Amino acid sequence: MKQHARVVVIGGGIAGCSTLYHLTLEGWSDVVLLERDELTSGTTWHSAAQVTNFGAVQTMVGLKSHSIRLYQELANDPEHPFSYHFGDGGIRLASTQHHLDGYHHFVSMARGMGVEFEVLDAAECARRHPLITQDNLLGALWDPFDGDIDPVPLCHALVRKARAKGAEVYRQTPVTGLTQQPNGEWVVHTPNGDITCEHVVNAGGYRCNEIGELMGVMHPVASMEHQYFLTEAIPEIAQFAERTGKRVPLIRCPTDDFYCRQNAQGLLVGFYEQECKTWGLDGIDPAFTSALCPNDLDRVAPVMENVFKRLPCLEVTGIHTIVNGPITYTPDGLPIVGRIPGKRNAWCITGLRAGLGEGGGHGWLLAQQIVHGEACYDTWCLDPRRFTGHANVEFTARKAVEDYQNEFRFHLPHEHRPAGRLAKTTPLYLALEAAGAEFGVVSGWERAAYYKPAPDFHEDHGFRFNNTFEVVAAEVAGVQNSVGLMEISGFNRLEISGHGVQEWLEGLTCSTVPKRVGKVGLCYLLSEHGNVKAEATLANLGPDRFWYGSAAAAEFHDMDWLSAHLPADGSIQLRSLTASHAILVVAGPRSRELLQQVAPRTDWSAAAFPWLSTRQVYLGHFPAVAMSVSFSGELSYELHIAHEALLGAYRLLKAAGAAFDMVHFGLYATESMRLEKGFRHWKADLITEFNPFEAGLARFVRMDKDYVGKAALTAMQQRPLRRAFVTLALDSQLAPAHAGDSMMLDGRVVGTVSSAAWGHRVNRNLAMGYIEPALSTPGTQLAVDVLGQRVPAQVIDEVQYDPNFSRVRG
Ligand SMILES: Cc1cc2nc3c(=O)[nH]c(=O)nc-3n(C[C@H](O)[C@H](O)[C@H](O)COP(=O)(O)OP(=O)(O)OC[C@H]3O[C@@H](n4cnc5c(N)ncnc54)[C@H](O)[C@@H]3O)c2cc1C
């Protein structure tokens, strides 16, 4: 066995084989795959192996398109052909208007990736699929490329191609230990010897946490038992083939919780039962390999009843095989593919629950990240660092069960499901709940979305404007006319200190780091490729001490990036204050007056405490770091308060606020107001696919200093912009646009929406996003594809509310 390699991939299922192949495709041939048993002996061999192009976000659609192209190429290899039923077509059924609205949105979103889905009515579904009934059926989403593949030859084809480029594969070689050297290299221990490598990849499937344990990490991955059966031949399938020359399309059903595809002349039918079972949480038998769990059709009997109503042919068809195998889930249903948090040169590609369809694409994006540091798409939706400390085994198992029970029921906008709630709360949770807060979840933290007008108020979640519209309007009006209070839980906050910290930060951001103690600045950090990596509010608390603030979700991501750039001499220290502090935002024209009452020994006047500055203050006897910054566009102060003082400070503000008719406001109101100001949101509007010029952040970019990403950014300046960032006004009162919706002109996709909401102060339906630069001039007329309608839209000035910023200065 080799003793050194650039990359060692652990695990020979679809995830590992695809990663190995794509590493060689990206130009790294000194790569090795280690498999404890035989290739595909984990989950891959018995997969139903459906390959859909469907994804709920553009990155997923794009990577699945890659899988499909790759699988076609491999299956059509004249020397080694294998079975890939490409393009049978797939029907995703709808029995509610919400399903249909969602499907229309997915059509719009996928169109931007060059993929044309279609929304069908019930009659058309029945015409395309000869076996289904139309009872309680409204329609469906049609994926023309849906199909299924033979998983074992697929993996062998990937490995064969990788080997041809120099990769090596060692079967019967379990990884039993991982040791990191001071230089960052890993020693991978196996009974057959050790291999030292620059990068290690965990592709261990349902055993990923056994491998994780070897390097001291716990991946938020839990396995569920999952069953399908294979039927005898069904005469209607042969008749359909005779009539049309086609195989029957695939079906997936969000109401009756099943999927189904043709298998030989019969069907393969898989179930997602409510009485589902986690698997292997307390350890996995080492001998479980090329193995299945015991059959248990009784468990899926309630689901089967409904499936038989949709597919009556099943009532008279025999079952010849039952397959029950472990399938991996993460807390949000998407896999974890990318850097392992807190580790150097360590990657994972695991938690795949639809790994056969997706595996080709995941390996492609992961290999790009390993080799180039960044992939062609923004990969945040897959990034392991999107889960923070709360995503332990118990949490993951609860979310896995919930997700399994809702397999094809996509989340509606703003929908947060009940499992795993209260993972992270601040001491204000009960007080805000008593004030009417309806909470959403941000990186595990409970955060008020809006305040209910009556205790029995429930949001009617959906893709259209709903019953929260007036509620949000009232919160915004309260902030605009007087003063509002909002708690921001879990804001990512790092104290960065040490001699030379100012210079160190200057080298990490393209923006200006606030030089004077007491100043605050908004700064952007770029990747090595010159694209937007992170957004941070930097507060100079001096001497040699800064607070770095960013989105709650960025906690592990930003910590990783900053840690990786720390000077080797230990002169700079990072300390997380994320879990120990929260922010109370006091926003509105009367916020200064209110704070002057509550904290009389601070001079809150514009002259003494101007916009973009920070002061140590006392709200009564409760200490806080106050910053005059605004995400709402109103005069506004962020009060950063340690958890122990939070309740006291809140009560004080609430009591004093009564005289000002102070309102509570939440995330929805903030979203509305920040769009009116043209403020971007990290990982909605700011992604690694675009540089800061394309993101419309030129005013934050300095070219007269050196920093990470500067060289790439300079090179990009020689080329035309790929996209430009714009704000649009949509001519519709029915629904907002949704992230991913396509901007259209003359039947052509010309851009993509990244955020959208109703702007209550400007009374406009607003959207933001990226467009072809030639179309970015205000006044340009186009359309946005929203829920199946081409909604007229116009490019408008980015700052719709208070363009002179006089209100934030007060
Ligand atoms: C019943 C069922 C139906 C499914 N249907 C579909 C479908 O229709 N479409 C779809 O896309 N997906 C489907 N899936 C999911 C899909 O099969 C999986 O997502 C995919 O196979 C996972 O691949 P993997 O490479 O991550 O894991 P695995 O296939 O489990 O591979 C992991 C490999 O790592 C090896 N390994 C583990 N530990 C070590 C170690 N210490 N040292 C060396 N090697 C190690 C294992 O032996 C194994 O070979 C289905 C799954 C099930 C259970």
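Reply: Thr40 is in contact with Gly12, Gly13, Trp45, Val152 and Cys155, leaving aside its neighbours within four places in sequence; contact means heavy atoms within 4.5 Å. The model is predicted, so local features need pLDDT of at least 70 and side-chain atom pairs count only at pLDDT 80 or more, while totals for chains, interfaces and linings use all residues. Residues are numbered from 1 along each chain as its sequence is written, and side-chain values use heavy atoms, with hydrogens and water left out.

Thr40 is placed in the loop between β2 (31-34) and β3 (50-51); helices (H or I, at least four residues) and strands (E, at least two) are DSSP runs numbered from the N terminus. With a relative accessible area of 5%, Thr40 is buried (under 20%; exposed is over 50%, partly exposed in between, with a 1.4 Å probe and protein chains only).

Ser754, in strand β36 (residues 748-759), is also buried, at 8% relative accessibility. Not counting residues up to four places away in sequence, Ser754 touches Ala684, Asp685, Phe725, Ala739, Met768 and Gly769. Its C-alpha atom is separated by 42 Å from that of Ala301, 453 residues apart along the chain.

Next, the aromatic rings. Rings of Phe, Tyr and Trp (its six-membered ring) pair if their centres lie within 6.5 Å, and planes under 30 degrees apart count as stacked, over 60 as edge-to-face and the rest as tilted. The count by this rule is 33 aromatic pairs. Phe690 and Tyr770 form a stacked pair because their ring centres are 4.1 Å apart and their planes are at 20 degrees. Phe690 lies in the loop between α17 (667-677) and α18 (710-717) and Tyr770 in strand β37 (residues 764-771), so the pair ties together parts that are 80 residues apart in sequence. Both residues are buried, Phe690 with a relative accessible area of 10% and Tyr770 with one of 4%. Elsewhere, ring pairs link Phe54, Tyr103, Phe106, Phe117, Phe410 and Phe463 into a cluster.

Charges are also found over rings, where NZ of Lys or CZ of Arg must be within 6 Å of the ring centre and within 35 degrees of the ring normal. Lys677 lies over the face of Phe805, 3.6 Å from the ring centre. Arg761 has its charged end over the ring of Tyr801, at 3.7 Å from the centre.
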